[in-house]
Amino acid sequence: MADHAAQWTVTLTVTDRPHYLRQTLEHLRQVRGIEQWHLFIGLEPGCAECAQLCEAIDFMPRTILRNQEQLGIRGNPFHTMQHAFDQGSQVNIYLEDDIVLSPDVAELALWYQQTIETDQLFDVRIMLLNLFVTSIRTEPASDLGISQFFSPWGMIINAFQWKHFIAPAWWNDQHRYPHQYDWTLSLSEVMNLQDRLFVLAPLVSRSTNIGREGGLHSHPERFDLLMNGLQHHQSEQKIDYKINNRAQIHWRRLDYALMTAYDE
């Protein structure tokens with residue numbers, strides 16, 4: 001096992017869509033330096049093909065956490081990440097089984113670890129690094145900026161942020177979105193309530209979602225509306241990352257009633 005594998009981790013939640021998982025793992029294999037990271041897999045019961053794909057991983061150290069019962073879309077990611085941080089992770093790349101990563105994500109994660117040791121970035125605080133943005137234009141691939149919005153489709157979280165922001169809020173349903181029980185809303189409420197707390201995000205997305213069908217929240221027509229024409233970083237060139245204080249993170253606005261997307 002690589003010397004850094006206990007401190008540099010990837011967590012991956014796996015359910016029952018092997019055709020997507022196969023693509024996710026193939027792109028994870030292509031991430032530069034990923035062999036130095038340790039992969040923790042939260043494997044839900046009931047899909048033998050998914051289990052076989054996880055068992056066959058040979059490109060990085062991996063631990064399969066076999067859930068004895070279904071933990072679901074809230075419990076599985078929490079327990080998988082909690083296990084990784086309990087094992088000594090200092091920075092974790094969070095994935096789901098239908099998320100495809102850019103080849104530079106491990107390098108971006110290490111830059112993030114060095115740049116933000118706790119939560120402080122200049123005069124603001126950072127809750128996590130968001131990998132997915134709805135990038136459509138030719139933006140500088142090196143630039144990152146702050147945002148008040150985030151997506152669960154790939155995140156980088158350091159140990160301080162997990163302990164002080166993410167874990168305490170994960171199960172808290174006392175928020176301004178009544179009768180909705182979703183960890184993304186719980187984390188959004190943290191940013192709503194805390195002063196000058198944001199996420200960091202690249203101007204050009206470092207992940208994309210391929211899970212058009214078969215997921216708990218899958219709506220193929222809405223998926224197409226969101227994803228049509230989006231771009232994510234695919235270059236093999238190494239990058240010198242930098243904070244752009246004037247950066248505007250692009251978030252596509254959707255009107256599901258009219259099935260229209262607005263890019264600003």
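## Helix packing

The axes of helix H1 (residues 18–29) and helix H2 (residues 48–55) approach within 9 Å and cross at roughly 15°. Here the axes are lines fitted to C-alpha atoms, for helices over the stretch in contact, and angles run from 0 to 180 degrees between N-to-C directions. Helices (H or I, at least four residues) and strands (E, at least two) are DSSP runs, numbered from the N terminus. The crossing angle makes H1 roughly parallel to H2; angles under 35 degrees count as roughly parallel, over 145 as roughly antiparallel, 65 to 115 as roughly perpendicular and the rest as oblique.

From H1, Pro18, Leu21, Arg22 and Leu25 make the contact, and from H2, Glu49, Cys50, Leu53 and Cys54. Contact means heavy atoms within 4.5 Å.

## Basis of the model

This is a predicted model, in which local features need pLDDT of at least 70 and side-chain atom pairs count only at pLDDT 80 or more, while totals for chains, interfaces and linings use all residues. Residues are numbered from 1 along each chain as its sequence is written, and side-chain values use heavy atoms, with hydrogens and water left out.

## Aromatic pairs

The structure contains 10 aromatic pairs. Rings of Phe, Tyr and Trp (its six-membered ring) pair if their centres lie within 6.5 Å; planes under 30 degrees apart count as stacked, over 60 as edge-to-face and the rest as tilted. The ring centres of Phe78 and Trp170 are 6.0 Å apart and the planes stand at 50°, so this pair is tilted. The pair links distant parts of the chain, 92 residues apart: Phe78 belongs to helix H3 (residues 72–86), and Trp170 to the loop between helix H5 (159–169) and helix H6 (183–193). Phe78 and Trp170 are buried, where buried means under 20% relative accessible area, exposed over 50%, and partly exposed in between (1.4 Å probe, protein chains only).

Phe132 and Trp153 form an edge-to-face pair, with 5.0 Å from centre to centre and 65° between the planes. Phe132 lies in the loop between strand E7 (124–130) and strand E8 (143–147), and Trp153 in the loop between E8 and strand E9 (155–158), so the pair ties together parts that are 21 residues apart in sequence. Phe132 and Trp153 are both buried. One aromatic cluster is formed by Phe78, Phe85, Tyr94, Trp162, Trp170, Trp171 and Trp183.

## A charge over a ring

The charged end of Arg222 sits over the ring of Tyr256, at 4.1 Å from its centre. A charge sits over a ring if NZ of Lys or CZ of Arg is within 6 Å of the ring centre and within 35 degrees of the ring normal.

## Loop residues

Two residues other than glycine have a positive phi: Arg196, near 55°, and Met259, about 50°. Arg196 is placed in the loop between H6 and strand E10 (197–202) and is partly exposed, with a relative accessible area of 39%. Met259 occupies the loop between strand E13 (253–255) and strand E14 (260–262); at 37% relative accessibility, Met259 is partly exposed.

His232 is located in the loop between H7 and strand E12 (242–243). The C-alpha atoms of His232 and Ser102 are separated by 7.2 Å, although the residues are 130 apart along the chain. Leaving aside neighbours within four places in sequence, His232 is in contact with Val100, Ser102, Val204, Ser205, Ser207 and Thr208.
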